[in-house]
Amino acid sequence: MIVYILCFILFLVGLYGLITRRNLIKIVISLSIMEFSIFILLVLIGYIDGGIAPIITGLESNPTYVDPLPQAMVLTAIVIGLATTAMLMAIAIRLYRKYRTFDIREIKNLKG
Amino acid sequence: MELTLSILLGFMIIGAIFALHAKDLLSAIIAAGIVGYSLVICFLLLKAPDLAIVQIVVETITLIIMVAVILDSTREELKVKIDRRQIINISLALVFMLVLVFFFIQAISNLNPFGEHTLRMASAYVGETAAKTGSANLVTGILFDFRGYDTLGEATILFTAALGVLTILRIKGRK
């Protein structure tokens, strides 16, 4: 049970950084930390004690596999996380070229 | 097993806290790399080799993109004074955290203890993947056969993101 709580603490660290930091790069880092904590939580839930990796080798008779479904979902989520991070970094570098700073308090034109 | 994972997760938390408080953006990014690469080791310990392979590639690409952005701009971290707005932000973050802790406590009582997961939906997949798809790797069989539309959507997202990055970086902005 302690591993679930540690995952949740990692998520909270990311959330705290997301709300309190003022630097665009730090905000992107916080978002990816939150993503990572969710991935590890999903894979932890699907783990079975004494299970083997979900690959059929035919060497063992009547094997127990760990749950392959969360692994397949997390595989999709990792690639989407890469796409999001690349997009955010591209927007950050565009904003830096226009405003010469990463400070979100200085980027006034974003206010609605 | 649980002890090893706890130590790794503690290490990840320390790396994340350092990444948020580093004075230099380059060291913040390297510290975020600690979190990503520890995740690879966690996946290997949790018997998920496919995820470990994908995560190590994705983490390396992310680090390269971030270092390229930092070297092209500035490494200086902003100087943040504790003003009224910052206090409002910190208290807002604490309120959000308290709400999330409340829901987490409710959710964790419904979860099985670590290592005692029962297969529900996946039991059909585990039994039938080899016969129906001919794939020896269950994760690949689920990803590309039973849930092929998910993978199609993922490829669409990746393509759209690549188009978006190209568009954002190419156009000339108004001064």
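The model is predicted: local features need pLDDT of at least 70, side-chain atom pairs count only at pLDDT 80 or more, and totals for chains, interfaces and linings use all residues. Residues are numbered from 1 along each chain as its sequence is written, chains are lettered from A and ligands numbered from 1 in the order in which they are written, and side-chain values use heavy atoms, with hydrogens and water left out.

Start with the interface. In chain A, 74 residues are in contact with 92 residues of chain B; contact means heavy atoms within 4.5 Å. The size of an interface is often given as the accessible area lost when the parts come together. Here the buried area is about 8000 Å². That is the accessible area (1.4 Å probe) that two parts lose on being put together, summed over both. Carbon and sulfur atoms give 77% of it.

Arg97(A) and Asp72(B) form it, at 3.1 Å from N to O.

Which helices of chain A build its side of the interface? Helix 1 (2-20), helix 2 (24-45) and helix 3 (68-99) each supply at least two residues. Helix 3 gives the most, with 24 residues. Helices are DSSP runs (H or I, at least four residues), as are strands (E, at least two), numbered from the N terminus.

Turn to chain B. It has seven helices and zero strands. Its radius of gyration, taken over C-alpha atoms, is 21 Å, well over the 16 Å that the globule rule gives for 175 residues, so chain B is more spread out than a compact globule. That rule is 2.2 Å times the number of residues to the power 0.38. The C-alpha atoms fill a box of roughly 60 × 45 × 25 Å along the principal axes.

Finish at Asp103(A), in the segment after helix 3 of chain A. Is this residue buried or exposed? Asp103(A) counts as buried, because its relative accessibility is 6%. Buried means under 20% relative accessible area, exposed over 50%, partly exposed in between (1.4 Å probe, protein chains only). Not counting residues up to four places away in sequence, Asp103(A) touches Arg22(A) and Leu78(B).

Technical notes. A salt bridge is a side-chain nitrogen of Lys or Arg within 4 Å of a carboxyl oxygen of Asp or Glu.
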